[in-house]
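Thanks for coming, everyone. Let me put today's structure on the screen, and then I'll walk you through it.

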Amino acid sequence: AERAVASVRPGSRPLRVDVIASRGAASGLMRGFHRAYPEVELDVVMLFDIEQAVAAIRSGVIDASFRAVVMPGRPLPEDVEAVRVLDEPLQLLTGPAHALAGARSVTVAQLVGHRIWMPGIVPGTEWGAYYDDLAAEFGLTIEATGPNFGSDVLLDTVADTPALATFMSERTRLVWPADHGLRRIPVTDPVLVYPHSLLWRRDNPHPALAALRAYLAATAAGHDAAGAWVPDWTIPR
C-alpha cells in the first residue's frame with residue numbers, strides 16, 4: 001500500500017524512464033544523466049512500442065520515454081510533448097568476407113543490391129515504419145525474414161555470411177568474438193540518422209523530469225545535420 005501511494009505522489013518516487021533497449025543510445029544518455037545527477041533516483045524500464053509508451057506516459061506509470069519516431073499518420077496526443085534530443089547516424093555492419101568490408105565508408109547508392117538483414121524489424125512499429133521508408137526512398141533491400149534470436153545470433157550470422165550485412169546505430173554497444181572480424185562502416189551521401197526524441201506528459205510535475213530535459217538540451221547533439229536523411233514524418237525538433 002505504501003508503494004502504491006508513493007508511486008502516484010509527484011516527486012516522492014524515482015523518475016521512471018523508458019529506454020527501449022539496454023544497449024542503445026537512449027540507455028547511454030540515461031547513464032550520462034545518472035553520472036551528472038547521482039542524487040536523482042531512477043527506474044529505467046523497457047517498453048515495446050510507442051503506443052504502449054504513450055499510454056504509460058499519459059497514465060503516469062512512467063515519466064518519459066525515448067522514442068525514435070512517431071507513427072506516420074498517428075500524431076501524439078495533445079497532452080504529450082516531444083523534443084528531438086539526438087540524431088544518431090546508422091552504420092553498415094558486415095562480416096570480413098562481405099564485398100564492402102574493406103571500405104572506409106560507403107554511400108547509400110553503393111548499398112543498392114546488397115542484402116541488409118534486420119530480423120528485429122516488427123511490422124506496425126515506429127522502427128518498422130522508419131526502415132520501410134528508408135528502403136523505399138533509396139531502393140534498398142532490407143529483409144526482416146526469420147525469427148529474431150537476438151543480437152548475438154545476428155552478429156554470428158553476419159560474420160559467417162558474405163551476402164548479408166545489417167544496419168547498426170552508431171551508439172549501439174555490442175561486443176563480439178575477435179575472430180568474427182566484423183566491420184562497422186559509416187554510411188554517407190546522405191548520412192542516415194535515427195532521430196531520438198524524449199516524450200513526456202505536459203503537466204508532469206516530477207522535479208527530476210525538468211533536470212533530465214535540461215541535461216539533454218545541454219549535452220545531446222546532432223540535430224538537423226547538413227546532408228542527413230530522416231523520414232519527413234518524424235517528430236520535429
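I'll start with the whole chain, then move to one strand, and finish with the backbone.

First, a caution: this is a predicted model. Keep that in mind throughout.

Now the overall picture. The protein chain has 237 residues. Its secondary structure comes to seven helices and eleven strands. How does the radius of gyration agree with that of a compact globule? For 237 residues, a compact globule would come out near 18 Å. The protein chain has 19 Å, so the two agree. Along the principal axes, the C-alpha atoms fill a box of roughly 60 × 35 × 35 Å.

What about burial? Of the 237 residues, 46% count as buried. The accessible surface of the chain is about 11,600 Å². Carbon and sulfur atoms account for 54% of that surface.

Next, contacts along the sequence. Take the contacts between residues at least 6 apart in sequence. Of these, 79% join residues at least 24 apart.

And charge. The chain carries 21 positive and 27 negative side chains. The centres of the two sets lie 5 Å apart.

Let's zoom in on one strand. Please find strand E8, residues 164-169. How many of the residues of E8 are buried? Six of the six, so the strand is largely enclosed by the rest of the structure. Look at its two faces. On one side sit Leu164, Thr166 and Met168, all buried.

Which strands pair with E8? One is strand E4, residues 80-94. E4 and E8 pair in the antiparallel sense, over five bridges. Within this pairing region, Leu93 has Thr166 of E8 as its bridge partner. Another partner is strand E6, residues 115-117. E6 and E8 pair in the parallel sense, over two bridges. Here Ile116 has Ala165 of E8 as its bridge partner.

Now step off the strand. Thr172 is found in the loop between E8 and E9. Is Thr172 buried or exposed? Its relative accessible area is 17%, and the cut-off for buried is under 20%. Therefore Thr172 counts as buried. Which residues does Thr172 touch? Leaving aside neighbours within four places in sequence, Thr172 is in contact with Arg23, Glu88 and Arg184.

Last topic: the backbone. Some background first. Most residues other than glycine have a negative phi, and most peptide bonds are trans. With that in mind, here are some places to look.

Start with the peptide bond between Asp189 and Pro190. That bond is cis, with omega about 0 degrees. Where is Pro190? Pro190 lies in the loop between strand E9, residues 183-188, and strand E10, residues 191-201. Asp189 lies in the loop between E9 and E10 as well. Asp189 also has a positive phi, near 55 degrees, and Asp189 is not a glycine. With a relative accessible area of 61%, Asp189 is exposed.

Then there is Ile20. Ile20 has a positive phi of about 70 degrees, although Ile20 is not a glycine. Ile20 sits in the loop between strand E1, residues 15-18, and helix H2, residues 25-36. Its relative accessibility is 31%, so Ile20 counts as partly exposed.

That's the tour. I'm happy to go back to any part of it.

Note on methods: Residues numbered from 1 in each chain as written. Predicted model: local features only at pLDDT ≥ 70, side-chain atom pairs only at ≥ 80, totals over all residues. Heavy atoms only, no water. Helix = DSSP H or I, 4+ residues; strand = E, 2+ residues; numbered from the N terminus. Rg over C-alpha atoms; globule rule 2.2 N^0.38 Å. Buried < 20%, exposed > 50% of the residue type's maximum accessible area, 1.4 Å probe, protein only. Contact = heavy atoms within 4.5 Å. Areas by Shrake-Rupley, 256 points an atom, 1.4 Å probe, with all protein chains shown as cover. Lys, Arg positive; Asp, Glu negative; His and termini not counted. Charge placed at Lys NZ, Arg CZ, Asp CG, Glu CD. Pairing = 2+ DSSP bridges.
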